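Please open the structure in your viewer and keep the selection panel at hand. The tour below goes from one selection to the next and says what can be found at each stop.

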4 protein chains.
Amino acid sequence: MLTLDFHPTGRHFLQIPGPSPVPDRILRAMSLPTIDHRGPEFALLGKRVLAGMQRIFQTKHPVVIYPASGTGAWEAALANTLSPGDAVLMYETGHFASLWNRMATRLGLQTEFLGLPGVEGWRRGVQADLIEKRLREDSQHRIKAVCVVHNETSTGATSDIKAVRKAIDAAKHPALLMVDSISGLASAEYRHDEWGVDVCVSGSQKGLMLPPGISFNALSPKALEVSKNAKLPKSFWAWDEMVEMNKTGYFPYTPNTNLLYGLAEACDMLLEEQQGGLDTVFARHQRWAEGVRAAVRAWGLEIQCADPSVYSPVLTGVVMPDGVDADKVRQLIYERFDLSLGTGLGKVKGRMFRIGHLGDCNDLTLVAALGGCEMGLKLSGVKLAGSGVQAAMDHFASHASAVPLKKAA
Amino acid sequence: MLTLDFHPTGRHFLQIPGPSPVPDRILRAMSLPTIDHRGPEFALLGKRVLAGMQRIFQTKHPVVIYPASGTGAWEAALANTLSPGDAVLMYETGHFASLWNRMATRLGLQTEFLGLPGVEGWRRGVQADLIEKRLREDSQHRIKAVCVVHNETSTGATSDIKAVRKAIDAAKHPALLMVDSISGLASAEYRHDEWGVDVCVSGSQKGLMLPPGISFNALSPKALEVSKNAKLPKSFWAWDEMVEMNKTGYFPYTPNTNLLYGLAEACDMLLEEQQGGLDTVFARHQRWAEGVRAAVRAWGLEIQCADPSVYSPVLTGVVMPDGVDADKVRQLIYERFDLSLGTGLGKVKGRMFRIGHLGDCNDLTLVAALGGCEMGLKLSGVKLAGSGVQAAMDHFASHASAVPLKKAA
Amino acid sequence: MLTLDFHPTGRHFLQIPGPSPVPDRILRAMSLPTIDHRGPEFALLGKRVLAGMQRIFQTKHPVVIYPASGTGAWEAALANTLSPGDAVLMYETGHFASLWNRMATRLGLQTEFLGLPGVEGWRRGVQADLIEKRLREDSQHRIKAVCVVHNETSTGATSDIKAVRKAIDAAKHPALLMVDSISGLASAEYRHDEWGVDVCVSGSQKGLMLPPGISFNALSPKALEVSKNAKLPKSFWAWDEMVEMNKTGYFPYTPNTNLLYGLAEACDMLLEEQQGGLDTVFARHQRWAEGVRAAVRAWGLEIQCADPSVYSPVLTGVVMPDGVDADKVRQLIYERFDLSLGTGLGKVKGRMFRIGHLGDCNDLTLVAALGGCEMGLKLSGVKLAGSGVQAAMDHFASHASAVPLKKAA
Amino acid sequence: MLTLDFHPTGRHFLQIPGPSPVPDRILRAMSLPTIDHRGPEFALLGKRVLAGMQRIFQTKHPVVIYPASGTGAWEAALANTLSPGDAVLMYETGHFASLWNRMATRLGLQTEFLGLPGVEGWRRGVQADLIEKRLREDSQHRIKAVCVVHNETSTGATSDIKAVRKAIDAAKHPALLMVDSISGLASAEYRHDEWGVDVCVSGSQKGLMLPPGISFNALSPKALEVSKNAKLPKSFWAWDEMVEMNKTGYFPYTPNTNLLYGLAEACDMLLEEQQGGLDTVFARHQRWAEGVRAAVRAWGLEIQCADPSVYSPVLTGVVMPDGVDADKVRQLIYERFDLSLGTGLGKVKGRMFRIGHLGDCNDLTLVAALGGCEMGLKLSGVKLAGSGVQAAMDHFASHASAVPLKKAA
């Protein structure tokens, strides 16, 4: 029997910005027996998750569900809309934007990687004016798509997608707007149709609270139209057969049935009307994020995201004082307090760590996580201005949740 | 499908002094398919759990496993050793001692309920000298058994069982020593043979980290001998057929197979040699208890147990200032922070609440629980002298665990 | 990690007359986190299972749920209604009737064990006329209770409980009617109020499809009244505090919460209106039983129950030809075909084996079980007249189920 | 809570040629909490499954594990080794060979689809002589790869991979040998290195007994070398970063952690030495297949595979008499007996159905499945020559398993 037993007692605190902790309800749903994906039962499941995901993306147009992890859905977005050598404008918000850019290059696209210089761009969201300016220069409309990360998992900054849409429209440019909301969806507000996004890429292991292994493309009619003439080779990722066959609740090739069970359960949990649905989900992530940032400020440490207007509701990057190796702090916290934190990635490796505050959490989960950070920082010799745990508790105690527990009858 | 959905998001913190949180490993083990309890496989399971429980009770003599919750094992201890009208000396340490006393009376025994006056006895462990004195007076040896609670779940005081043994011996009295260690076993040190206990009663839902539904009698040769002539009617609880049939790994009537799967897993977890076995288990409960008491002291609140030499490693009773209803504080904490605390019972109803720090916990679980208490106390208007969470974190940070997490290879 | 790995591949076929196979839905329900049995959520669970069990017993009067296996509920029925030395008339239908009789004797009751001579009584249900005759002789009403097994698990004969009620009434005798329906409830028709039963004893691991560990007493107002003056010592089993406290959904001592989760799920499954509720449950057990008996007849073997009017819908006893050791046949079948069958008990040890056809089964489960029996019988050298599997398939193919699978939309 | 409740009682029999029934051990393993795929624990898991899969493919060279279903691994095999416009020789064994051929075309490859005319090729395995002949004609070595399906899931015929290797070598042709063993691996014998395969494609939901969602490429050094110059765009599927990063046990992008838990468990089950490892696995599939074919013959029906030397150990295609719609038979069996069978695909749609006999089965599972088929065929009006169930039972009874159940101590 499988044992991965690093944990002498109690439950590990998984406070990385994804995978987020998977609720027992979802693990239980995933343990239903696998069924015939060509049998009569499956159609009900298929229709249910496809409809659920439309509500979560807030779109009336097709959502494609891939039996593959999120990186695959990045590739799908590009392969279905672009042709070899096409120019793509990608915006550098951090490490994941860089990886998407790198993928586009590997696939034979001509990418232009726009952004603020140095680490500066890694501390803010998208600068829509830069995009507008660049698109205006592209009078021949060589640029076929603008790619932006909605919630940059490596930094804890969100990007104003509406502003990008406005920039594209202001430039009267026909480029598609493609958005990565892998770590944003179902935690940070996202409105596919209203915001005018053409392709949105997402994944299962963040706000949807599933294990990794499912990913998504939410489409616009324009993206579907463009896809008919896109020339990048594709088969597994091809939208056409998917969208067609999904009308019946089935998939053109074997879907990952047991993760779809989990997805059906996740949709139920997130959309639950008595709990207030997605608005409540968004509100509780904001609440947690504010509590965590209160803690970081009380410690006297810097938050990676330098623009308060785009603080991420999903994660917070905590910058270490000079001379402190963030990964050594993380390791101490892991080994001593059974708490996983996110590492600094790419340009900020070793300079910061990331606290995930998403998915199946509550106030006390975050008090615990901040407690682990505070003890670990002190043990690592970092001088703290004050108690972050105290600041977070003050925040949580003075702000009631939107949805309290039920009371006894 | 069953839903008991009081919890909008995240995991409930169950910090009552039992049932304690059941580890996933145990829930998974309990989900093995039920087998024929007369088939060849079962004998292996039976022998395994019987041997495991001997190691946990630290006895070489028989342990009887009942497919019944702990209250049943209380009755079993009395019914197997006593006859109608027998005199029993019971010691009042708190609510559970009182309930056991009440049961003995219902069963037709003449109980004498010894203890300090008023609430005083509920703040300390057993006073062995009182027992010795009483036994010396009983020159005709009318008293057939002395019953003591090892870890009084209602107060958070332990009792010195060795001292009671010494008292009985000093009085040269033949009474049996019967001990309730329902909430002590596998959390607080307990040594059945070495301490000279005749019958020890325990249950599954505390240190053993199982759901409720299994209970135990650990026996001494003297208890077995005495049982041959005990006249209280008994059949389900009768030791004779159990002890005989257990030799083959089977049970005289249907055992609760799936909880035995969980028990086998619990024994593996508790006795795991690389983790240090029971000594490590005891050490970590002491560590947690000290952290929690540091918090209570920092708040400026009183600990229910007034004798530091017998503080419970399992739970801590927190006394409210005059005029504060402990149950209202508990309710607020439950509804606002998704944290269950133990109520005050019997004589201390409404005066105190209890924090469980046992079983499948770790430092951060307790930081979270103390955070919930601290926020809830403040919101209830209780003036606190300082931050208990801070005090507990100081304790945990300055005392390394005996068994840290594994390091990466 | 627990392994009890006797099974190289595939799923074991557990076709004993209980424990019956536990459905995944129930195992999943049992894996919900244990909650505080004094907290606000628990009351909902408690009320739900208490109401569900009333519907399953078909009674408007209290049902007591014990956190103990079925043997305990036998003891509870006796201890709550009788006083030391009371006379009890027990009827011998087989091994389990004998064990209940033995228990009554151990508890100090004067039992009279009525029945047909030799093995004859083990091949039929209760003979109500013998009971009536005996009660008429008891003009002084020394007999306080009549105890009958509804579905004798050791033989596969049911007893006509209405006839016993009629016999008692005809004799104008005030004795209580106590029934063991441990293996009958939720498989064979049982109507507590309509049939005029005073105490019905049942358990979890048969028709209720749970693991063992919960048991029941369904009461009549008369039984409750009588219990007030019954003198057998009792505390754990005492109805009074249970019935009182259950009104609020709570229990006087720790219930076995996780099995109650399973019980709630079982009630949902059994009472499901779209499926037809209990009537459908009873019908499908009759259907399976008929298929299995068709097989036994086709083999040319004898059915243990000699009276077709009381064939059990739950199990069928298959009598071996002279000279064949039924347990050797069972062992071969177990080791070769991964199928558990029930052993012959008591007077018929080695003479017969028992096929369970209850709970979470379907037609193909039984085709498989009968296939295993047929192959095993042949390999054991038993001459068979014809193919039992064929006969059962003929039966199943020519009789459609009451509730077919859903069709695709 | 998710319900897909088509099944009134008992367990559905999933006897399609994949997904195969997922053992409880694997479902339990999959329910372990998701961990940080960049944390120290993960490396142990990664190394373990990578090593396990090498043993299952019987290779010393890298195995790539994709967090995607099997169709993706087809694409990966092509995308890593070929350039736009490359010629590929694909052999038509049935529907899945046709789908792979279609994918290759979509990806911009020039495929040649070799095979016997009409349905004839769908009743046999590969004809290696045709391949050799074609390769000899290709004196300029325009053909870059030969693609063959090892176990054609749509027909129940295997292909002799060694013969194809021999044919390629005999033609002195440098084309890569690429094999789809999606439904063959871990059921039918497969020896990657010994057979000289360059790329083998497989998936999780067949012999590996997992839910769908993981797929594999097993590589040869030659394939790795060729991949360096292959020009089809690729990123998600690219071997280079995978193979490099897998050396440390990690993956370049998020793996599907919970399915990897299941995979680790599956490797343990399949490679278990006391059970005889893969040889026993292969032997039991042969045993089941022979039993099923004995049944089909007894019914007087035709087996889809016309060449006994390549009968599949995984599934058997059952051809319907003229005028019988195989899908109506399947539907009746599904709705009446809760048994899923595989539909006829492509050229044989409606002409045949497929019985899966793979993975977590045993003799009685197949007796049940054949019983369901036999009853359903009769109810559909198909005249049967004799009892297939009987024939299968005769086979199973006269051939002992390689690994019997354990005996009691």
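## Two copies and their axis

Begin by selecting chain A and chain D together in this predicted model: a rotation of 180°, with 0.0 Å of shift along its axis, superposes chain A on chain D with an RMSD of 0.0 Å. The two copies are therefore related as by a two-fold rotation axis. The same surface serves both copies, since 100% of the contact residues of chain A recur in chain D.

To find where this axis passes, select A68(A), which of the residues of chain A comes closest to the rotation axis, with its C-alpha at 2.0 Å.

## Chain A as a whole

Next, hide the other chains and colour chain A by secondary structure, where 14 helices and 14 strands are to be found. The radius of gyration of chain A is 21 Å, close to the 22 Å that the globule rule gives for 409 residues, so chain A is as compact as a globular protein of that length.

Of the 409 residues of chain A, 65% count as buried. Among the contacts in chain A with a separation of 6 or more, 73% come from residues 24 or more positions apart.

## The annotated span

Finally, select residues 52-299 of chain A, which an unreviewed UniProt entry annotates as "domain: Aminotransferase class V". This span is 43% helix and 16% strand, and its end C-alpha atoms lie 41 Å apart.

Conventions
Residues are numbered from 1 along each chain as its sequence is written. Chains are lettered from A and ligands numbered from 1 in the order in which they are written. This is a predicted model: local features need pLDDT of at least 70, side-chain atom pairs count only at pLDDT 80 or more; totals for chains, interfaces and linings use all residues. UniProt positions are given in the numbering used here, feature names are shortened, and annotations may be inferred rather than shown by experiment. Helices (H or I, at least four residues) and strands (E, at least two) are DSSP runs, numbered from the N terminus. Copies are superposed by least squares on the C-alpha atoms of residues with pLDDT of at least 70 in both. Two residues are in contact if their C-beta atoms, placed from the backbone, lie within 7 Å. The radius of gyration is taken over C-alpha atoms; the globule rule is 2.2 Å times the number of residues to the power 0.38. A residue is buried if 20 or more other C-beta atoms lie within 10 Å of its own, exposed if 12 or fewer, and partly exposed in between; C-beta atoms are placed from the backbone.
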